[in-house]
Amino acid sequence: MAITIQQIKELREATAAGMGACKEALAATNGNMEEAVKYLREKGLAVAAKRVDKESKQGIIALAEAADKKSMALAEVNCETDFVAKTDAFIKFVDDAAKVALEGKDIEQTLNDDYKMLLTKTGENVKIRRAERYVLEGEGVLSGYIHMGGKIGVLVEIGCTKPETASNPALAEAAHMICLQVAANAPKYVNPEDVPQAEIDAELEIKLNALKEQKGKLPPEQALVGIKKGMAAKFCTQICLTKQDYVADGDVTVEKYLDGVAKNLGDTLTIKRFTRLQLGA
């Protein structure tokens with residue numbers, strides 16, 4: 001049967017697929033609109049299957065948060081090109097993915113039809129890479145932050161002991177500043193006690209080998225005790241959030257900054273956890 005321009009336009013409006021793809025789908029399904037939509041979705045999966053060897057390092061990280069801010073989620077979706085990452089269809093899909101993650105649901109299963117259609121629209125290898133969801137535990141606040149237009153996403157939870165502290169704007173501001181810290185300095189752990197001893201030992205081995213190469217030999221064992229302790233402490237200032245220099249005031253650490261906020265609020269504040277997602281990393 002002959003395919004009309006009107007049919008092609010209707011299918012394009014329903015799927016946002018290209019005119020050529022819509023004409024092909026209608027021709028393959030004898031003008032049946034529902035079957036044509038299904039055809040396009042299946043074609044999208046076929047295209048993606050052919051492009052599995054194409055690297056998907058572009059994309060977006062999106063943030064979704066509940067109205068009461070007691071739950072937040074990040075979702076990362078990757079594609080092949082920055083051009084596709086900037087399209088309305090891709091941006092909407094990632095935003096929807098974050099909202100699904102916020103509800104605690106599986107993204108690929110929940111958005112299966114939308115995912116198939118996105119593959120058709122983009123013609124790229126699109127990957128739903130990962131998601132992270134926080135639900136507030138006890139008194140405190142959650143804070144989320146998207147940096148560099150979706151290249152980095154951060155979630156932070158700070159705990160307190162008083163309900164009035166949790167609702168104080170000063171705590172929300174402090175949590176936001178900690179988000180900025182995490183985005184900028186990429187810590188791996190909250191406190192030094194969180195760092196696995198194996199990771200510290202591996203770092204010390206590298207540092208001591210470098211010292212031996214520089215000096216020709218290592219200092220006596222008695223002196224090494226203090227040297228190792230200093231090396232471990234310095235390592236922790238680099239990878240532990242509380243021990244890092246505070247980005248907004250290099251004269252204090254994050255720990256000291258938060259202590260100051262806690263004193264002003266008349267409460268005890270604790271960084272319970274954080275997540276930092278970096279696109280493609």
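Helix α1 (residues 5-15) and helix α2 (residues 19-28) pack against each other at an angle of about 115 degrees, and their axes sit 9 Å apart. Keep in mind that this is a predicted model. Angles from 65 to 115 degrees count as roughly perpendicular, so α1 and α2 are roughly perpendicular to each other. As for handedness, α1 passes α2 in a right-handed crossing.

Who touches whom here? On the α1 side you'll find Gln-7, Ile-8, Leu-11, Arg-12 and Thr-15, and they meet Met-19, Cys-22, Lys-23, Ala-25 and Leu-26 of α2. Sort the residues of this α1 and α2 contact by class and you get six nonpolar, two polar and two charged.

| Helix pair | Angle | Axis distance |
|---|---|---|
| α1 and α2 | about 115 degrees | 9 Å |
| α5 and α7 | about 160 degrees | 10 Å |
| α9 and α12 | roughly 175 degrees | within 11 Å |

Take the pair of helix α5 (residues 88-102) and helix α7 (residues 112-122), which pack at about 160 degrees. That angle makes α5 roughly antiparallel to α7, since anything over 145 degrees gets that label. The crossing of α5 and α7 is left-handed. From α5, the contact uses Ala-89, Phe-90 and Phe-93, while α7 brings Asp-114, Tyr-115, Leu-118 and Lys-121. By class, the α5 and α7 contact has five nonpolar residues, two charged ones and no polar ones.

Next up are α9 and helix α12 (residues 254-265), whose axes cross at roughly 175 degrees. So α9 is roughly antiparallel to α12. On the α9 side, the contact is made by Ala-170, Leu-171, Glu-173, Ala-174, Met-177, Ile-178 and Gln-181. Their partners in α12 are Val-254, Tyr-257, Leu-258, Val-261 and Leu-265. The contact of α9 with α12 divides into ten nonpolar residues, one polar and one charged.

Helix α9 turns up again at the largest pocket, where it is one of the elements giving two or more residues to the lining. How much space lies in the largest pocket? The figure is about 250 Å³. Its lining is made of 19 residues, and those nearest the centre are Lys-69, Val-141, Leu-142, Ala-166 and Ala-172. Alongside α9 (169-185), the elements that supply two or more lining residues are β1 (58-65) and β4 (140-147).

Which element gives the most to that lining? Strand β4 does, with five residues.

Definitions and conventions. Residues numbered from 1 in each chain as written. Predicted model: local features only at pLDDT ≥ 70, side-chain atom pairs only at ≥ 80, totals over all residues. Heavy atoms only, no water. 1 Å grid on protein atoms, 1.4 Å probe; cavity = no way out; pocket = protein on both sides within 12 Å on 5 of 7 lines; lining within 4 Å. Points joined across faces, edges and corners; volume = space filled by probe spheres on them. Helix = DSSP H or I, 4+ residues; strand = E, 2+ residues; numbered from the N terminus. Axes fitted to C-alpha atoms, helices over the stretch in contact; angles between N-to-C directions. Parallel < 35°, antiparallel > 145°, perpendicular 65-115°, else oblique. Left-handed = near helix turned anticlockwise from the far one by under 90°. Contact = heavy atoms within 4.5 Å. Nonpolar A, V, L, I, M, F, W, Y, C, P; charged D, E, K, R; others polar.
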